[in-house]
Amino acid sequence: MRKQIAAANWKMNLTLNEASTLLDELLNTPHSLKAHQEAIFAVPAPYISLATQKLGDKMNIFVAAQNCHQKNSGAYTGEVSATMFASMGVKHIVIGHSERREYFAETDALLAEKLDAVLAIGSTPIFCCGEPLAIREAATQNEFVASQLQNSLFHLSAEQIVKVVIAYEPIWAIGTGKTATSDQAQEIHAYIRSFLATKYGQAIADQISILYGGSVKASNAVELFSNPDVDGGLVGGASLIATEFAAIINALK
Ligand code: 13P
């Protein structure tokens, strides 16, 4: 079975003490992970040591970074490389979140470079895609997402693409409380998988985990995740509440 993943994206939230408390609360809230299930915590970069200390030895739980620079090292003041994260035990990195595309002008071409940097050191990119509201209203979301995948991912080999986790996050559903319906999520996830199959073949496409993101909560996770092509979620707001995120982990199929 494909990996089923509950990934927390804390974004730029919490102080060090609050982060520590949240991790403790989460560890004390009943949750369980089967062999094919993972929980991933994309915490702010300054809290990576804290998170790896608290979570590092737990089965199927991983700490992730929210972004990285495309180069390994050099004169790039303020930036952090995938190599640096890997040296801290962090092997999952979110790449291409819509907030980075929008506020930091990250382009498909730049994201292709970042993916290469992450894969080159054997880490796992969690590659985000997803359309804005106007595109959804024009019903051209499939074409929009296909072009994001084509421009940033399709230079990868079959061996590389199976290491990528994809997160489909419609921008109109992020932080708005407006979740895609279960049918909308399944429809575009199935489309993404079929589009990957056109390039890499069905057997490869069937191995790639595709997460849904956008107002995932404990109350809608079971229904969303029950869809055959939805392999878990990338969760913002609800990941900041231990009971919510524990319930989302428990909703994985
Ligand atoms: P929300 O769950 O707060 O809508 O955020 C989704 C997201 O952007 C996760 O990366």
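Predicted model: local features only at pLDDT ≥ 70, side-chain atom pairs only at ≥ 80, totals over all residues.
Select Gly-201 first: this residue, just after helix 9, takes a positive phi of about 90°.

**Helix 9**

Select residues 182–200. Helix 9 comprises 19 residues, which at 1.5 Å a residue should span 27 Å; the C-alpha atoms at its ends lie 26 Å apart, so the two values agree. Colouring by accessibility picks out the buried residues of helix 9, among them Ala-185, Ile-188, His-189, Ile-192, Arg-193, Leu-196 and Tyr-200.

**Aromatic pairs**

Remain on helix 9 and display the side chains of Tyr-191 and Phe-195. Their rings form a stacked pair, with 6.0 Å from centre to centre and 20° between the planes. The two residues are four apart in helix 9, about one turn of the helix. In general, an α-helix has 3.6 residues a turn, so residues three or four places apart point the same way. Tyr-191 is partly exposed at 22% relative accessibility, whereas Phe-195, with a relative accessible area of 15%, is buried.

The whole structure contains five aromatic pairs. For another of them, select Tyr-168 and Tyr-212, a tilted pair with 6.4 Å between ring centres and 50° between planes. Tyr-168 belongs to strand 6 (residues 165–168) and Tyr-212 to strand 7 (residues 210–213), so this pair ties together parts that are 44 residues apart in sequence. Both tyrosines, Tyr-168 and Tyr-212, are buried.

**Cysteines**

A search of the whole structure finds zero disulfides.

Turn to the largest pocket, which holds about 590 Å³ of space. Select Met-12, Gln-66, Asn-67, Arg-100 and Phe-104, the closest to its centre of the 21 lining residues. Helix 4 (residues 98–103) supplies three residues, the largest share of this lining. By class, the lining of the largest pocket has eleven nonpolar, six polar and four charged residues.

Finally, the second largest pocket contains about 270 Å³ of space. Of its 20 lining residues, Gly-175, Ser-215, Gly-236, Gly-237 and Ala-238 are the closest to its centre. The lining of this second pocket divides into eight nonpolar, eight polar and four charged residues.

Note on methods: Residues numbered from 1 in each chain as written. Heavy atoms only, no water. 1 Å grid on protein atoms, 1.4 Å probe; cavity = no way out; pocket = protein on both sides within 12 Å on 5 of 7 lines; lining within 4 Å. Points joined across faces, edges and corners; volume = space filled by probe spheres on them. Nonpolar A, V, L, I, M, F, W, Y, C, P; charged D, E, K, R; others polar. Disulfide = S-S within 2.5 Å. Expected span 1.5 Å × (residues − 1). Buried < 20%, exposed > 50% of the residue type's maximum accessible area, 1.4 Å probe, protein only. Phe/Tyr/Trp six-rings, centres within 6.5 Å; stacked < 30°, edge-to-face > 60°.
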